[in-house]
Amino acid sequence: MTGRAKRIYFLLKNKSKENETERAMILKTAEEILTLKQWLVFRMKINGERNKEIAKKCGVSEATISEHWVTGLEKVLSLIHISEPTRP
């Protein structure tokens with residue numbers, strides 16, 4: 001995962017008040033642009049479910065879940081403008 005992808009994933013998993021605005025923007029964008037399957041996988045992944053668990057629930061392979069996650073994340077990254085985390 002790239003630095004931006006990791007940053008977005010962190011913002012989605014971290015539900016603190018300070019990240020609330022960015023998190024809401026990412027989720028709104030994702031919901032608007034992703035297919036239903038990509039959106040479902042996206043939500044399950046940010047809620048901490050593993051590919052194996054998601055695949056079982058959806059009745060598909062782990063490879064399919066991984067593809068939905070990567071494709072969905074790439075779509076979101078292409079539209080979200082969040083800077084790379086700064087390093088001291």
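The expected span of a helix is 1.5 Å times one less than its number of residues. The model discussed here is predicted.

**Helix α5**

Helix α5 covers residues 62–79, 18 residues in total. At 1.5 Å a residue it should span 26 Å, and its end C-alpha atoms are 26 Å apart, so the two values agree.

Which residues of α5 are buried? They are Ile-65, His-68, Trp-69, Gly-72, Leu-73, Val-76 and Leu-77. These residues cover an arc of only 155 degrees around the axis, which puts them on the same side of α5. The face turned away from that buried side carries the exposed residues Ala-63, Glu-67, Glu-74 and Ser-78. Cover for the buried residues of α5 includes α1 (3–13), α2 (20–33), α3 (36–46) and α4 (51–58).

**Helix packing**

Two packed helices are described by the angle between their axes and the distance between the axes.

| Pair | Angle | Axis distance |
|---|---|---|
| α3 and α5 | about 95 degrees | 9 Å |
| α1 and α2 | roughly 105 degrees | within 9 Å |

Angles of 65 to 115 degrees count as roughly perpendicular. α3 and α5 are therefore roughly perpendicular to each other. On α3, the contact is made by Lys-37, Gln-38, Val-41, Phe-42, Lys-45 and Ile-46. On α5, the contact residues are Ile-65, His-68, Trp-69, Thr-71, Gly-72, Leu-73, Lys-75 and Val-76. The residues of this α3 and α5 contact divide into 7 nonpolar, 4 polar and 3 charged.

α1 and α2 are likewise roughly perpendicular to each other. Arg-7, Ile-8, Leu-11 and Leu-12 of α1 meet Glu-22, Arg-23, Ile-26 and Leu-27 of α2. The residues of the α1 and α2 contact divide into 5 nonpolar, no polar and 3 charged.

Terms used: Residues numbered from 1 in each chain as written. Predicted model: local features only at pLDDT ≥ 70, side-chain atom pairs only at ≥ 80, totals over all residues. Heavy atoms only, no water. Helix = DSSP H or I, 4+ residues; strand = E, 2+ residues; numbered from the N terminus. Buried < 20%, exposed > 50% of the residue type's maximum accessible area, 1.4 Å probe, protein only. Arc of directions from axis to C-beta. Contact = heavy atoms within 4.5 Å. Axes fitted to C-alpha atoms, helices over the stretch in contact; angles between N-to-C directions. Parallel < 35°, antiparallel > 145°, perpendicular 65-115°, else oblique. Nonpolar A, V, L, I, M, F, W, Y, C, P; charged D, E, K, R; others polar.
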